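My notes follow in the order in which I looked things up.

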Amino acid sequence: MSNDKNSGGGPGGFGSGGQPKVQIKVQTPRGLWSMDDPKEATLRPEYAIAAKVQDVIDDVRNVFKFVENDSKYTLFLGRTELEPQRTLASYQIKTDTLLVLSVQGGNA
Amino acid sequence: MTVPNFVTLEQVRAELADVASYAAAAGLGLDASMLSEANPLFYLTFSNRDDIEFVAEFDCRDYPLNPPMIEFVDAAHTRRATPNLYPSCFHPLPCVCARYNRKAYKTLGGPHDDWRLIDWQLPTQAGPKIDSLAMIVSDMHSKIASSTGRMG
C-alpha cells in the first residue's frame with residue numbers, strides 16, 4: 001500500500017488530481033525505508049510533491065516504531081536539514097532521492 | 001565481567017552494516033580499517049553547520065555488555081580529548097554526556113555517578129532507547145549537524 005493520503009494514485013507518476021508523485025528512500029538507524037524494504041512495511045514512501053516533510057517523518061516513525069514523542073526527529077537531504085512544514089517539491093526532491101532520518105535522544 | 005574479544009568483534013561487525021548504511025546516506029566518513037579482536041575500534045567523521053569536521057573514535061571493548069568509549073581525536077588519531085577536537089554541543093568536560101558513552105560514567109572519570117553501566121541502553125533524560133551503534137551514530141549526527149563552531 002502506498003501512502004494514499006499523499007500520493008493520490010494513478011499511473012505515470014501522477015496522482016488522481018494530476019499532481020506528480022515521487023518515490024523516495026529514507027535511511028534510518030533501524031534500516032532503509034523504500035518501495036521494497038522493509039518487506040513487512042504497510043506504508044511505502046510514495047508522495048505527492050506537495051506533501052510536507054512532516055508527513056514523511058510521521059510515516060517513517062510509524063514504519064520503524066519510533067514511538068517516543070519527546071525525541072527530535074529530523075530529515076536530512078545530504079547535509080541539509082529539512083524544515084518539517086515545507087513541501088518535498090520545495091527541496092526539489094525527485095524519485096529515488098535518499099533522505100536520512102536522524103533520531104536525537106536527550107542530553108545529560 | 002568482560003566480554004570475550006571475539007564476541008565483541010562479531011557483534012560490532014554485525015552492527016557496522018547498519019552504521020555503514022546510515023553513514024553513507026548522511027555523508028559521514030566511516031573508517032573501520034583498524035577493527036580487530038585486539039582493537040575493536042572504528043572512527044566516524046561528522047561535520048557541523050560550519051563544515052568543520054570532527055573525528056570520533058568508538059572503542060567497543062566489552063560491547064555490547066558495556067557501551068563504547070567515545071572520544072574525539074584528530075585526523076591522525078594521535079591527539080585526543082581536547083576541547084578543540086570537540087563540537088560545541090557536548091558536555092564541557094569534554095565528553096559526549098550520554099548513557100551510551102562509557103566516558104560519561106564517574107567510575108571512568110566522567111560526571112555521572114548516578115548511572116550504572118549495565119543500564120546503558122536506557123534513554124538519557126527524555127528520548128528513545130539508544131540501544132545500537134547505529135542509534136548512537138544517529139544521535140551524535142543530529143546534535144553535531146545542527147551545532148556550530150568548536151568547544152574550544
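**Entry 1**

I looked up helix H1 (5-26) and helix H2 (133-145) of chain B: the axes of H1(B) and H2(B) come within 8 Å and cross at roughly 25°. Axes here are lines fitted to C-alpha atoms, for helices over the stretch in contact, and angles run from 0 to 180 degrees between N-to-C directions. H1(B) and H2(B) are therefore roughly parallel to each other (angles under 35 degrees count as roughly parallel, over 145 as roughly antiparallel, 65 to 115 as roughly perpendicular and the rest as oblique).

I note that this is a predicted model, in which local features need pLDDT of at least 70, side-chain atom pairs count only at pLDDT 80 or more, and totals for chains, interfaces and linings use all residues. Residues are numbered from 1 along each chain as its sequence is written, while chains are lettered from A and ligands numbered from 1 in the order in which they are written. Helices (H or I, at least four residues) and strands (E, at least two) are DSSP runs, numbered from the N terminus.

Which residues of H1(B) meet H2(B)? I listed Glu15(B), Asp18(B), Val19(B), Tyr22(B), Ala23(B) and Ala26(B) on H1(B), against Leu133(B), Ala134(B), Val137(B), Ser138(B) and His141(B) on H2(B). Two residues are in contact if their C-beta atoms, placed from the backbone, lie within 7 Å. By class I found 7 nonpolar, 2 polar and 2 charged residues in this contact (Ala, Val, Leu, Ile, Met, Phe, Trp, Tyr, Cys and Pro count as nonpolar, Asp, Glu, Lys and Arg as charged, and the others, Gly among them, as polar).

**Entry 2: the sheet**

I found an open sheet of 4 strands in chain B, in the order S1-S2-S3-S4, with antiparallel pairing. S1 and strand S4 (69-73) are the edge strands, each pairing on one side only. Two strands pair if DSSP finds at least two bridges between them. S1 (residues 29-31) is joined to S2 (residues 41-47) by 3 bridges; Gly29(B) stands opposite Thr45(B), and Asp31(B) opposite Tyr43(B). S2(B) and S3 (residues 53-59) pair over 7 bridges, and there Tyr43(B) has Glu57(B) as its bridge partner. In the hairpin of S2(B) and S3(B), with 5 residues between the strands, Asp51(B) takes a positive phi near 65°. H2(B) lies across S2 and S3 of chain B, at about 25° to S2(B).

**Entry 3: the chain contact**

I counted 28 residues from chain B and 23 residues from chain A in the contact. H2(B) gives the largest share of the chain B side, 9 residues.
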